[in-house]
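Trainee: I would like to learn how to read a protein model, one feature at a time. Could we look at it together?

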Amino acid sequence: MGIQRDRVRFNVGGRIFETTATTLANAGRNSMFGAMFDENWNLQQQSINSGGGGEYFLDRNPDCFSVLLDLLRTQELYLPSNIPEKLLYREALYYGLLDHVRLAKWGQFDGNRLGLSRSVKGQAPGDGTAIRAGPDGGCCVAHGSMVHVYDWMMEEHPPINLDYQRVNDVGWVDSENVVVSVCERPSRGDGGMGLFSSSSGELRYKFQVRHEEQTKSFTAGPLSFSSDYKIYSSCKGRSNEYGIGVWDQVSGKQVDFYYEPPGWSLGEADKLQWLNGTNCLLVATLFPRKDNCYISLLDFREKKRMVWNWSDIGAPLTIDERRVRDAIAMEESNSVCVVNEYEELGFIDLRISGGGIRWSSRSRLMKGKMPDEPCYPKLALHEGQLFSSMDDCISVFCGPDWVLTSRLRNSYGGSICDFSIGGDRLFALHSEENVFDIWETPPPPVI
């Protein structure tokens, strides 16, 4: 890189600042300051409005500019008491430095170092459906027929109102758009999925199911998103037709539909998970929705779509009744991890269709039955760490044997009904008070 080490002068709102091209280069290509350099990282002379005497004039807040310039110099964020956080974030957005601010506020995600940042009380008590972390550190919370969307500063945007339709799942397409799946109302035929603006709550597109040149009414369930911009959802038609629908994220058009094969349960799936390495979709229908559990992998490139399957039909239950409550595929180890009501982890070999579960005793931490109104355990996999919720805490497992390494617990709000990881944060939704917790990794010390 041929970075020039010339001094650069800015006039920001009437105040003069001097820095170097090296400091400005720390902002990166996607920032406003990155636009001041050519492709070889040489400072361009006429990249932004310049005044007399070689100054670059910016009609912005000089106090915030000073904070952000110091952040580029030191990688540390110091916010004086006279500058509101919202004002700094607004200015950081203008300069394209929001990612730098976020990195200075919390470090790269590590489940063993997470600390509780804050708890946010929901808009209504009880019955939270799902929480989903956004790619930029925000989240959305489904509650009844509403989806409440928060940006990374935990400022709530206008909610998404589904007109008394029950929300089944929510997913982020990107930081500006979310997909919501809802139940069909038979009298109105208005179920399915919609693409909504995360900032305004406005409906941008409604996804349809078409079969034999006819548009079908359907209830949409769990969602998943692939790396090639496809949306997957389990679907249930009016006549109990079950299957998996596939839509293009860009055009919104249906591109495929896989109907439930005889003797297998797909349509009322509890979980979908896209596997980037194998280009397959994991579909899981779990207890207690069904008396028997079904887990399968679908390859939509193959004529025979189901390429792997497992079910506990015919499998003898132990005295503990080890019924599968959640499942997640782990491609690196060619296995599917499952969890039961005792927070025991089990593993199914993806290389053997229909094989048994190898239960791990290392993770059994609870004894006795679930509470009268339980929140069933959920699983998540993030950067080589495995997470499992149980009652009011989340356990973190690491290493090749998935040994318990830490637990996250907050007593406020009751049992955890759902949690999600994204944007270097973990969000945990409690059922009783509809409170969600925000867990962050402290930033590393600057030496």
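Trainee: Is Phe-65 buried or exposed?

Mentor: Let me start with the ground rules. This is a predicted model, in which local features need pLDDT of at least 70 and side-chain atom pairs count only at pLDDT 80 or more, while totals for chains, interfaces and linings use all residues. Residues are numbered from 1 along each chain as its sequence is written, and side-chain values use heavy atoms, with hydrogens and water left out. Now the term: buried means under 20% relative accessible area, exposed means over 50%, and partly exposed lies in between (1.4 Å probe, protein chains only). Phe-65 has a relative accessibility of 1%, so it counts as buried.

Trainee: What share of the 447 residues in the protein is buried?

Mentor: Buried residues make up 53% of them.

Trainee: How many aromatic pairs does a search of the whole structure find?

Mentor: Rings of Phe, Tyr and Trp (its six-membered ring) pair if their centres lie within 6.5 Å; planes under 30 degrees apart count as stacked, over 60 as edge-to-face and the rest as tilted. The search finds 20 such pairs here. In one of them, the ring centres of Phe-10 and Tyr-56 are 5.8 Å apart and the planes meet at 40°, so this pair is tilted. Phe-10 belongs to strand β1 (residues 7–12) and Tyr-56 to strand β3 (residues 55–58), so the pair ties together parts 46 residues apart in sequence. Helices (H or I, at least four residues) and strands (E, at least two) are DSSP runs, numbered from the N terminus. Both Phe-10 and Tyr-56 are buried.

Trainee: Which kind of pair do Phe-33 and Phe-65 make?

Mentor: Their centres are 6.1 Å apart and their planes stand at 70°, so the pair is edge-to-face. Phe-33 sits in the loop between α1 (21–25) and β3, and Phe-65 in helix α2 (residues 62–74), so parts 32 residues apart in sequence are tied together. Phe-33 is buried too, with a relative accessible area of 3%. One aromatic cluster includes Phe-10, Phe-33, Tyr-56, Phe-65 and Tyr-94.

Trainee: Where does Arg-60 lie?

Mentor: A charge sits over a ring if NZ of Lys or CZ of Arg is within 6 Å of the ring centre and within 35 degrees of the ring normal. Arg-60 lies over the face of Tyr-94, at 3.8 Å from the ring centre.

Trainee: In what order do the strands of the sheet with β5 and β8 run?

Mentor: Strands of a sheet pair through backbone hydrogen bonds, either parallel or antiparallel. Two strands count as paired if DSSP finds at least two bridges between them. This open sheet of four strands has the order β5-β6-β7-β8, and the pairing is antiparallel. At its edges are β5 (128–133) and β8 (160–161), each pairing on one side only.

Trainee: What joins β6 to its partners?

Mentor: Five bridges join β5 to β6, and β6 pairs with β7 over five bridges as well. Cys-140 stands opposite Val-149 in β7, while Arg-132 stands opposite Cys-140 in β6. The hairpin of β5 and β6 has five residues between the strands, and Gly-137 in the turn has a positive phi of about 100°. The hairpin of β6 and β7 has two residues between its strands, with Gly-144 in the turn at a positive phi of about 65°.

Trainee: How many residues of strand β6 are buried?

Mentor: Five of the five residues in β6 (139–143) are buried. Cys-139, Val-141 and His-143 point one way, and Cys-140 and Ala-142 the other way.
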